Amino acid sequence: MDLEKLDKNEEKGTIYVHVEKITEEAPTMIQLYDRVSCTYTFIIADENTKEAVIVDSVDSQTERDYDYLATFNDYKTIGILETHIHADHITGSHNLNEKLKENNKVKGNVVHYASIAANVVPEERPRFRGVKDLDVIVIGKHYLIVRETPGHTDTCVSYITNNLENVMTGDVLFIRGCGRTDFQAGSPKNMFHSIQTILYEGLPDETRVYPGHDYKGCLYSTIGHEKKFNPRCPKGQTVEKFTEIMENLNLNPPQKLKESVPGNLELGHIKEEEKK
């Protein structure tokens, strides 16, 4: 298949990508892009109830994310989701939640969802809810299915729309690639299992793969496409060969590693003195 390309806007620095409804039973899905970290953010919504969640927000994009949730679409946010504890940017969870609450653009108490493996103290973040494999997050008449997909980190989860049309894979499965496995309890063996068993065997070939990042301007792939053409982990790859590939990438650490991980363990709630 021909992978769609981003229409990059050099002046604005970030762009709105696309909105689509695949079928009447599919939730609305909005895909957004941050050019600095090459991060994709997703809004999943029910057009009838106007309930929405946002996946993998970026702190520097709070105004943009607020606009797409509240100004342009008049959604009521019910959840802010993370695919994992990020190392290349700080989540916008806290700032976005505060702005949404301030302007009465939430429904009930917004819940922060991330892997139960994340080292978040529930007593300090009472609205945090740790999700585990096969949990369901309800959005109006729609829902997201949680699958634990560790490998990039030990906190990685993927979110699947209820009609199995789309999966948001975070930093586990990329378009013709995958996330690194050399820090934050990463594991080539675990990633191999996540990709080959959870994603390749667990989803139809037609399921669209929406990664957490793309560095070449592609929007999405499909499970079938990655099975055939993923150079690191195609269908039929061996765990030994995959491990060899991953252990010889020799990548530099992410530029914002030192500040991102501690900040994201606080769900983006960083005290002013810690920013200095």
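Reply: One definition before we start: buried means under 20% relative accessible area, exposed means over 50%, and partly exposed is in between. Also, this is a predicted model.

Me: Fine. Where does D74 fall, then: buried, exposed or partly exposed?
Reply: D74 has a relative accessible area of 42%, so it counts as partly exposed.

Me: And where is D74 found?
Reply: D74 sits in the loop between α1 and β5. Its phi is near 55°, which is a positive value in a residue other than glycine.

Me: What does D74 form a salt bridge with?
Reply: The partner is K105, and the closest N and O atoms are 3.0 Å apart. K105 lies in the loop between α2 (93-102) and β6 (106-115), so the pair ties together parts that are 31 residues apart in sequence. K105 counts as buried, at 19% relative accessibility.

Me: How many salt bridges does a search of the whole structure find?
Reply: The search finds 11. Among them is R180 with D182, where the closest N and O atoms are 2.7 Å apart. R180 is buried at 14% relative accessibility, while D182 is partly exposed at 46%.

Me: What about R64, which side chain does it meet in a salt bridge?
Reply: That of D65, at 2.8 Å from N to O. R64 is buried, with a relative accessible area of 11%. D65 is buried too, at 0% relative accessibility.

Me: Which residues of α1 are buried?
Reply: T62, R64, D65, Y66, Y68, L69 and A70. Seven of the 10 residues of α1 are buried, so the helix is largely enclosed by the rest of the structure.

Me: Switching to sheets. In what order do the six strands of the open sheet come?
Reply: The order is β8-β9-β10-β11-β14-β15, with mixed pairing. β8 (136-139) and β15 (221-222) stand at the edges with a single partner strand each, so one side of each has no neighbour in the sheet.

Me: How do β8 and β9 pair?
Reply: In the antiparallel sense, over four bridges. I139 has H142 in β9 as its bridge partner. The two strands form a hairpin with two residues between them, and G140 in the turn has a positive phi of about 60°.

Me: And β9 with β10, how many bridges?
Reply: Five, and that pairing is also in the antiparallel sense. V146 has Y159 in β10 as its bridge partner.

Me: Back to β8. Which way do its side chains point?
Reply: They alternate along the strand.

Me: What does I44 touch?
Reply: Leaving out residues up to four places away in sequence, I44 touches P27, T28, M29, E51, A52, V53, I139, L144 and M168.

Me: Last one, back to backbone angles. What is the phi of C38?
Reply: Near 55°, a positive value in a residue other than glycine. C38 lies in the loop between β2 and β3. At 14% relative accessibility, C38 counts as buried, whereas D74 is partly exposed at 42%.

Conventions: Residues numbered from 1 in each chain as written. Predicted model: local features only at pLDDT ≥ 70, side-chain atom pairs only at ≥ 80, totals over all residues. Heavy atoms only, no water. Salt bridge = Lys/Arg side-chain N within 4 Å of Asp/Glu carboxyl O. Buried < 20%, exposed > 50% of the residue type's maximum accessible area, 1.4 Å probe, protein only. Pairing = 2+ DSSP bridges. Contact = heavy atoms within 4.5 Å.
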